[in-house]
Amino acid sequence: MRKAGYELLDQLGHGGFGLVYRGRPLNNTPYTPSQEVAIKFTNCSDIHLWTTLPNSPDQIPLEAAALVALESVTSVVDLLGYGQISLGNDDVFTLVMEKPAGCLSFASYLRRQAPLTESMAFFFLEQLVSIVMAIHRCGWVHGDLKPSNLLICDQDQLKAIDYGLAREVVNDQCIVPAAGGTLLWNIPPERINGVYDLVKSTVWSVGVIYYCMVFGKLPFPSLRKAKNSPLRWHHNISSGAKFMLQRLLDPEPNRRVAIQDLEQLIQTNAPPSGVLEIQRLLN
Ligand SMILES: Nc1ncnc2c1ncn2[C@@H]1O[C@H](COP(=O)(O)OP(=O)(O)OP(=O)(O)O)[C@@H](O)[C@H]1O
């Protein structure tokens, strides 16, 4: 455990298993005392996947190992410390993470701003793809990509949080049993059949988030509809945007755009740069 002291402030959020508090470093920490942190507490009995780091025999949750492995990715929040503590009768694992200044949940942003202009949606799609690819190049997959696991910082920069479902990728694949995830955001239609590939489902999640940015609503009301219904266009969008959505949200995982082709898909279907600039100036 890296030792450091933090003062707990108010609760930032809570999810299925974790409670997250805003914290302030005490004077004995290497972190700048004025900079706030996010401290996530998870009951150890709720953590099912543990691992070790190469330089230590200590067991740590896979979530912590993912954050260590992704340390160099700027759009992934920094891990500042971790460790196990006892609270009453419970053993609790704590993760101390960077809390980027002036950030807002991307879910709240979309609730207020979506549908976005095609230009803005593309601007965030590019960032989302670069986050997915940076994580992929480190040999991991986020596993739970959705707007509430993205922060929007400094007005328009995305950062991904919550690595509780992150997994290591081997040969561009990560086959997992049908458990975890959030229905309709990151659960693709192929999961109806049981085990599925988290890498292909991440491409699906990118499509769901992009669709929500463009239309302000989820693409499908249920997994069954996602498997059998064509995509609906709620207002007119460019043929490039339609093509990208069809490739990202193909219900057949082997036909869906492969992660290796994601960057090329968005580069070749970008709105013309003049249109992008003018639309951004108007926003
Ligand atoms: N590094 C961070 N900086 C700022 N806020 C954060 C940070 N980490 C978590 N939060 C806040 O705490 C909330 C819950 O965190 P997190 O998603 O990691 O918990 P969880 O229990 O895994 O959630 P879920 O079950 O919804 O996936 C987030 O939605 C966010 O509002």
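This is a predicted model: local features need pLDDT of at least 70, side-chain atom pairs count only at pLDDT 80 or more; totals for chains, interfaces and linings use all residues.
At Glu-98, a backbone N or O atom lies 3.0 Å from a nitrogen atom of the ligand. At Asp-162, the side chain takes part: one of its polar atoms is 2.6 Å from a ligand oxygen. On its own, the ligand has 630 Å² of accessible area, and the protein covers 83% of that.

The ligand takes up the space of the largest pocket. Strands S1 (6–14), S2 (18–25), S3 (37–43) and S7 (90–98) are the elements that each give two or more residues to the shell around the ligand. In total, 21 residues surround the ligand, with Gly-16, Gly-18, Lys-40, Glu-98 and Asp-162 as the closest. Sorted by class, this shell holds nine nonpolar, six polar and six charged residues. Both domain 1 (6–98) and domain 2 (104–282) contribute, each with at least three residues.

Finally, take a look at the backbone, where two spots deserve a visit. Most peptide bonds are trans, and most residues other than glycine have a negative phi. The bond from Ala-114 to Pro-115, however, is cis, with omega near 0 degrees. You will find Pro-115 in the loop between helix H2 (106–113) and helix H3 (118–137). The other spot is Asn-171, a residue other than glycine with a positive phi, near 50 degrees. Asn-171 belongs to the loop that runs between strand S12 (167–168) and strand S13 (175–176).

Technical notes:
Residues are numbered from 1 along each chain as its sequence is written. Side-chain values use heavy atoms; hydrogens and water are left out. A residue is near a molecule or strand if one of its heavy atoms lies within 4 Å of it. A polar contact is a pair of N or O atoms within 3.5 Å; within protein, one must be able to donate a hydrogen and the other to accept it, and residues adjacent in sequence count only if both atoms are side-chain atoms. Accessible areas come from the Shrake-Rupley method with a 1.4 Å probe; for residues, only the protein chains shown count as cover. On a 1 Å grid over the protein atoms alone, a cavity is a set of points where a 1.4 Å probe fits but cannot get out, and a pocket is an open set with protein on both sides within 12 Å along at least five of seven lines; lining residues have an atom within 4 Å of a point. A molecule sits in a cavity or pocket if more than half of its atoms lie within 2 Å of its grid points. Helices (H or I, at least four residues) and strands (E, at least two) are DSSP runs, numbered from the N terminus. Ala, Val, Leu, Ile, Met, Phe, Trp, Tyr, Cys and Pro count as nonpolar, Asp, Glu, Lys and Arg as charged, and the others, Gly among them, as polar. Domain bounds come from an automatic or database domain assignment.
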